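Please look over the chain shown here before reading on, and keep the picture at hand while the report goes from the whole to its parts.

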Amino acid sequence: MARSVLAAAARVACWADRALGPGGDSATADGKATLSDATARRAAEALGLTAGQVRADWDTARLAGLIEVHGDSARPGWRLRAWDRDDSAVLRGWVALCDAWSLACPEPGEHEPAAVAEVVTAMPQVLSFLQLSAGPVPLPQLLDLLEQRVTELRTERCEVDYGPRPGTSAAPEPRPTPAEPPAADAPLEPLLDWALRALASVGALTYGDGQATLTPLGSWAVWVKLEQICVAAQSPAGNIEQGAEDMLRGCARLRPAAARAEYRAWLAARPVGSAVTELIAAARGEDALLRGLAFEALRVVGAPAEPEVRAVLDEPALRPYALLWLAEHDGADPEDAHEVLTREEATWLWVDTAAAVADHGEAPLLVRHLETAVQPTVPSLLDEVRAVGHPRTVQVLVALAAAHPDPAFAKALRRAAFQVHTGG
């Protein structure tokens with residue numbers, strides 16, 4: 001169903017990918033994602049459509065994330081790249097379109113903006129009621145529910161105490177005079193009609209004969225939203241409102257299953273794009289432990305994180321983590337994913353992990369970390385550790401020397417640390 005709803009938009013997006021790529025013509029006329037007349041005519045001729053159909057499909061593709069507009073140029077979104085191989089990308093694109101239903105079908109111009117905003121805010125409750133009803137619901141019943149919810153919103157907004165404050169004059173301050181008539185006078189029936197037609201246009205429901213019914217796709221979307229709310233409400237460690245770095249620090253002492261539950265709750269509470277950006281930023285920091293945890297959280301994100309992960313392959317500190325993430329995302333067994341790393345990348349990752357253990361772990365754990373090195377002998381390990389040039393090499397070697405019970409081995413580690421420090 002999602003592929004069917006987005007098929008026309010995907011067709012225009014694929015055309016834009018071919019015709020408006022690097023070196024192609026400008027996609028927009030005003031730098032605001034409005035398709036230029038010339039480009040609309042070109043697409044219409046190429047696809048056998050009218051210019052109006054092209055514009056409508058273009059707007060749908062933008063709302064679904066199939067294309068992204070930057071200034072006066074367009075580029076394919078990750079969902080278009082994954083269209084043929086990843087059903088979840090198609091579903092996410094449709095959910096993005098469904099979330100933007102009020103933009104997909106602009107409201108009638110004669111209504112007050114405040115009233116329109118109230119209806120948009122109230123519609124999730126209407127959709128939840130439709131989902132629970134599991135069948136056609138008459139329009140009068142939906143209108144009654146909408147009026148109740150809008151009344152609640154207006155009551156919440158008007159809970160302002162204009163009375164005297166302690167220690168102030170008893171005379172109340174004059175209430176501000178509204179600049180325009182209150183939204184309470186706006187009739188809601190035409191706005192409900194608009195909202196239901198808009199939701200029907202994106203495939204969330206069917207609307208006609210004085211009643212509305214969620215489609216299976218719309219019912220699934222509402223269920224997913226409710227599930228996200230429940231997951232977010234059950235944040236086991238209470239880090240849901242923290243930034244990515246603080247959230248990852250809060251997960252450092254959790255068991256893997258509990259940490260994954262925390263990642264899911266944290267991700268459910270914010271847009272995927274900004275969450276991925278925050279996690280990548282945390283991974284770029286100096287704390288190696290957060291780097292590893294950030295990529296564990298990105299594993300929970302899954303396919304939507306792929307473009308951002310690929311974008312950091314040129315960063316030495318993140319490249320080994322990104323390669324492992326991509327290998328597992330492409331279906332490699334986690335135990336075999338390390339085979340995608342070169343010897344140098346594996347050594348860099350070994351040092352980075354040792355730095356995390358040195359900063360946050362215990363001495364026996366750091367000593368055991370020696371057993372995970374890919375090098376068959378300690379001398380070859382030390383040679384290659386010195387060669388990769390990790391910025392924490394000296395600190396790691398000194399920490400290993402302090403933790404290792406063998407005096408001779410500890411001496412060799414201190415000598416290697418001194419050689420790195422002096423450039424020898």
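This is a predicted model: local features need pLDDT of at least 70, side-chain atom pairs count only at pLDDT 80 or more; totals for chains, interfaces and linings use all residues.

Residues are numbered from 1 along each chain as its sequence is written, and side-chain values use heavy atoms, with hydrogens and water left out.

**The whole chain**

The protein chain has 21 helices and five strands, where helices (H or I, at least four residues) and strands (E, at least two) are DSSP runs numbered from the N terminus. Of its 424 residues, 42% are buried; buried means under 20% relative accessible area, exposed over 50%, and partly exposed in between, with a 1.4 Å probe and protein chains only. Among contacts (heavy atoms within 4.5 Å) between residues at least 6 apart in sequence, 62% join residues at least 24 apart.

**Helix H17**

Helix H17 covers residues 343-360, and its 18 residues should span 26 Å at 1.5 Å a residue, which agrees with the 26 Å between its end C-alpha atoms; the expected span is 1.5 Å times one less than the number of residues. Among the buried residues of H17 are Trp-348, Leu-349, Trp-350 and Val-351. The cover over the buried residues of H17 includes helices H14, H16, H18, H19 and H20.

H17 and H19 pack at an angle of about 90°, with their axes 9 Å apart; axes are lines fitted to C-alpha atoms, for helices over the stretch in contact, and angles run from 0 to 180 degrees between N-to-C directions. This makes H17 roughly perpendicular to H19, a term for angles of 65 to 115 degrees. On the H17 side the contact is made by residues including Thr-347 and Trp-348, and on the H19 side by residues including Leu-381 and Val-385.

**Two single residues**

| Residue | State | Relative accessible area |
|---|---|---|
| Ser-102 | buried | 18% |
| Glu-112 | partly exposed | 28% |

Ser-102 is found in helix H6, residues 101-104, and, not counting residues up to four places away in sequence, Ser-102 touches Glu-107, Val-120 and Trp-194. Glu-112 lies in the loop between H6 and helix H7. Glu-112 and Pro-187 are 75 residues apart in sequence, and their C-alpha atoms are 10.0 Å apart in space.

Note on methods:
Angles under 35 degrees count as roughly parallel, over 145 as roughly antiparallel, 65 to 115 as roughly perpendicular and the rest as oblique.
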